[in-house]
Amino acid sequence: MAQSSDNKVLVLGVLAGAAGLSLGAVALYNSRRAMPQSGHSEQYLSSNDQRAAGASMVVGGMLGQAEVLDRLGALIQCVSELKDEVRALKSAIPKLQDHVRDELRGRGAEGGVARIRAGPPNRTIPTRRRRVARAEGQSSEEGAESEGGYITALTDSEEEEKSEADESQEEVTVIEPLDEFSALLEMVDALHNGTDGDKRECLRTMLDKRTEFGQNTTFLWRLVRAYVDVHDITTNLEQKKTHAETGKKVGEEAVKMNPMCAESHQWYAIMCGIMTEYESVQNRIKNGYIFKDHLDKAIELKPQDPMSYYLLGRWCYAVAQLSWIERKIAATLFGEPPSATVQDALKNFLKVEEIRPKYSKLNYVFLAKCYRDLGQKGQARKMWDAAASMETVSKEDEEAQKELDYLLPALGVY
């Protein structure tokens, strides 16, 4: 409606100007016909001055109307943009509660999480002072003088709008990239659970990083684990022995560095058990004592780790199967031979099943062996069936399957 009124005013102004020019032309023509020839020059000059003055008045009126229309157009544009911005603020206000809740939650996040400020989408909001000044072709100071009250009101509105926009900025939590050491641990854990080639790559990677991270217990016990993995997949006897000896030395270093690390005690005990394959009877018995001491410490520090109970069950079962000569040698060298029974072994294997059912195929195999040795064939057959139902995936599973085949005649299964 405002634009239609402006158009009507413009048309009327143009028509009025045209009519003035036409009337001036008619009057000039009539005066020229009526005037005497002798006074033509003076009257002609006077008439020209009058016409020039009339034309100037018409043109001046048209220019004044155009300036007013330009200002009105600029004002309408500012009001329209103000409406759009107020509408945007109204739509953002209902989300402030969610933004504040997210900010409070972000403050309680754990380490490794960084907070960044994320404001609303970028939008350019030039001040209305400058916009009006451009429309009028004046400086910002001139615009302030001509429409000071309106501009001041808009400037205050802008300050409130900026304040509300700042308050509505939400705090977003993002996961920072892992540091080099954390990324390394994550990678070697994945390689440990991979193929034989992955296990070899794991050891190579950790040896490359040992100079940099070798003073960290978390790194060292994983290095011992890597030596155990490569030992198990190596076929050359000398290489297997070298891996076992080196791994044992690293295990000793890890335990000394941090005696309160359960994993260091656990993997050092495993290396001591592996070394019994390459040493004399005397050293085998000595390593057996070391094995038991560090497993007990690992269980004390981490009582819900099924692996430690499984290893302790294997130790008890092995001690229960010692020959007479081995017991005599142990008594001679250490004053008292290691003592454990099949019942002790069974207790530890059952603890594994209690903490983590279906922990491994081999755990079921040794449960079957214990029940067989104790004369409980029904329970032994049940454990045999449980082991047979598990898939054969790893080399340890292949070993378990061979043991199952060996147990068949003893359990009356053909």
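This is a predicted model: local features need pLDDT of at least 70, side-chain atom pairs count only at pLDDT 80 or more; totals for chains, interfaces and linings use all residues.

Author: Happy to. Residues are numbered from 1 along each chain as its sequence is written, and side-chain values use heavy atoms, leaving out hydrogens and water.

For orientation, the protein chain has 18 helices and two strands; these are DSSP runs numbered from the N terminus, helices being H or I with at least four residues and strands E with at least two. Of its 414 residues, 32% count as buried. The chain exposes about 25,000 Å², with carbon and sulfur atoms supplying 54% of that area; accessible areas come from the Shrake-Rupley method with a 1.4 Å probe, and for residues only the protein chains shown count as cover.

Now to the rings. Rings of Phe, Tyr and Trp (its six-membered ring) pair if their centres lie within 6.5 Å, and planes under 30 degrees apart are stacked, over 60 edge-to-face and the rest tilted. The structure holds six aromatic pairs. One of them joins Phe181 and Phe213 in a tilted arrangement, 5.0 Å centre to centre with 40 degrees between the planes. This pair links distant parts of the chain, since Phe181 belongs to helix 7 (residues 180–192) and Phe213 to helix 8 (residues 196–213), 32 residues apart. Phe181 counts as buried at 17% relative accessibility, and Phe213 does so at 13%.

Another pair, Phe349 with Phe366, is stacked: the centres are 5.5 Å apart and the planes make 25 degrees. Phe349 sits in helix 15 (residues 342–355) and Phe366 in helix 16 (residues 361–373), so this pair ties together parts that are 17 residues apart in sequence. In the loop between helix 15 and helix 16 you will find Pro357, which counts as exposed at 54% relative accessibility.

Some rings also have a charge above them, meaning that NZ of Lys or CZ of Arg is within 6 Å of the ring centre and within 35 degrees of the ring normal. Lys351 places its charged end over the ring of Tyr309, 5.8 Å from the centre. Lys292 lies over the face of Trp315, at 5.7 Å from the ring centre.

Next come the charged partners. A salt bridge is a side-chain nitrogen of Lys or Arg within 4 Å of a carboxyl oxygen of Asp or Glu, and a search of the whole structure finds 14 of them. Glu253 and Arg210 meet in one, at 2.9 Å, N to O. With Glu253 in helix 10 (residues 237–257) and Arg210 in helix 8, the pair ties together parts that are 43 residues apart in sequence. Glu253 is partly exposed at 29%, as is Arg210 at 27%.

Glu403 bridges to Lys369, the closest N and O atoms being 2.9 Å apart. This pair, too, links distant parts of the chain: Glu403 is in helix 18 (residues 395–407) and Lys369 in helix 16, 34 residues apart. Lys369 counts as buried at 10% relative accessibility, whereas Glu403 counts as partly exposed at 22%.

Within helix 12 (residues 281–301), Glu300 and Lys297 are three residues apart, which means about one helical turn separates them. Their side chains form a salt bridge at 3.7 Å, N to O. Glu300 is exposed at 56%, and Lys297 is partly exposed at 25%. There is also a network of salt bridges linking Glu180, Lys209 and Glu212.

Ser308, in helix 13 (residues 306–320), is buried with a relative accessible area of 1%. Val68, in helix 2 (residues 40–92), counts as partly exposed at 46%.

Terms used: Buried means under 20% relative accessible area, exposed over 50%, partly exposed in between (1.4 Å probe, protein chains only).
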